[in-house]
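Keep the model open beside you as you read.

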Amino acid sequence: MAALAEMSLETASCLPRKGQVVLTNIETNNRCAYTNTCTNCYLNLVQSGTVTLPEDTIFEATTRLIKHGAEINHLVLSGKEPFESPELLMRIAHQYHSTPFGRRPASFGALSASVSGINHWLPRMPSTPLSWLAVSVDVDGSGLRAGDPFRVLNAAMKGRDAGGTEAVAVNTTFQESTLEAVAFVGESLRGKSIDQWTTSPLMLPVDGRMTSTATYSTTCRMIELASRLVDVASRVVVETELPFIRRMIGEDRWGKLDLHVWRIEVQLESGVWLFARSPAPGFFLRIRHDGALLSKEDFVNINLKIGSYGMYTDPTDIDLSMDQLRQEREMGGTHARLSTHERISGRRAA
Ligand code: SF4
């Protein structure tokens, strides 16, 4: 999970209905086979909590989230490595698919780097498929994963052929020194029928926050390279920051954008899509493996002990978090966030 998990894949089969606006991430464990090789792993660098909730508790929290499906766009199993907890993944998949279409989140996706996990488990999911699976294919010099990165892509494609996922996306991080190698990855995807290729800036810690390493000129160069590769996937995306998008598209087009959405999307004339995180609060909830309920802002803060939405103790915490998210959206974030103390008092009073 090298990049932020927010830039999820949407396919024609999982377009959200009206009101499904929240992105939810669930950390199903704190394990990954590459922990010792990925020096730049986002999750290693944020050094999140050390305790991990029992699988039954994570399942309980996720089940309650699924019940809030009318508001949820993406239900994402984001790690640390979903296929390290395959029974939990299967239980969640079954729960998602046994919930009526009109009441569950619009899509159910996962981020993975596990060749063996995908090979073994994805073909066993044709009756409870993922909407999408995103795999990381990174380059030398990125500080991420050793070995042949295309093995994970091949495993994902075989799993898609077997019906275990509707779509496959590839995520590749970039920084100034790896641009040419990243473009080579893009070239290598041609003809593989990938649903989305997303390049995103490598994030590293600066002053206690995970921060993009890409300058404006590096981002422009990445976009230029991507514009020659728009045919390598159904959609080619460069993840960036809102001020950069504003500078690139000009004030006229900027003025027409709706910023109160979970993700800002702009397509350039070349066909390349630019994605950026919304500045508006109320669109993101991440359940960390230790139960911290994180906002989008929390997720870039290093060594955070407790989330803005508190710590998960029972399913009512999910209800309270969804209430807070709704209030934040309605109020544009102003004074909407309750303190943990207010949340706990509110729960006792209820
Ligand atoms: S594969 Fe992903 S989650 Fe695992 S250690 Fe590497 S960056 Fe982190």
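A nonpolar core is a set of buried Ala, Val, Leu, Ile, Met, Phe, Trp, Tyr and Cys residues joined through C-beta atoms within 7 Å. Buried means that 20 or more other C-beta atoms, placed from the backbone, lie within 10 Å of a residue's own. The model is predicted, so local features need pLDDT of at least 70 and side-chain atom pairs count only at pLDDT 80 or more, while totals for chains, interfaces and linings use all residues. Residues are numbered from 1 along each chain as its sequence is written.

The largest nonpolar core holds 92 residues, and V22, I118, L133, V135, V152, A156 and V170 touch the most other members. Pick out V170: beyond its neighbours within four places in sequence, V170 is in contact (C-beta atoms, placed from the backbone, within 7 Å) with V135, V137, L153, L189, I194 and W197.

Now look at A169, which lies in strand 5 (residues 168-174); strands are DSSP runs of E, at least two residues long, and helices are runs of H or I, at least four, both numbered from the N terminus. A169 is buried, because 27 other C-beta atoms lie within 10 Å. Leaving out neighbours within four places in sequence, its contacts are L9, W132, A134, D195, Q196 and T198.

Turn next to helix 2 (residues 55-67). Its buried residues are I58, A61, T62, L65 and I66. Among the elements covering them are strand 1 (22-27), strand 2 (72-79) and helix 9 (316-331).

Note on methods
A residue is buried if 20 or more other C-beta atoms lie within 10 Å of its own, exposed if 12 or fewer, and partly exposed in between; C-beta atoms are placed from the backbone. Two residues are in contact if their C-beta atoms, placed from the backbone, lie within 7 Å. The expected span of a helix is 1.5 Å times one less than its number of residues.
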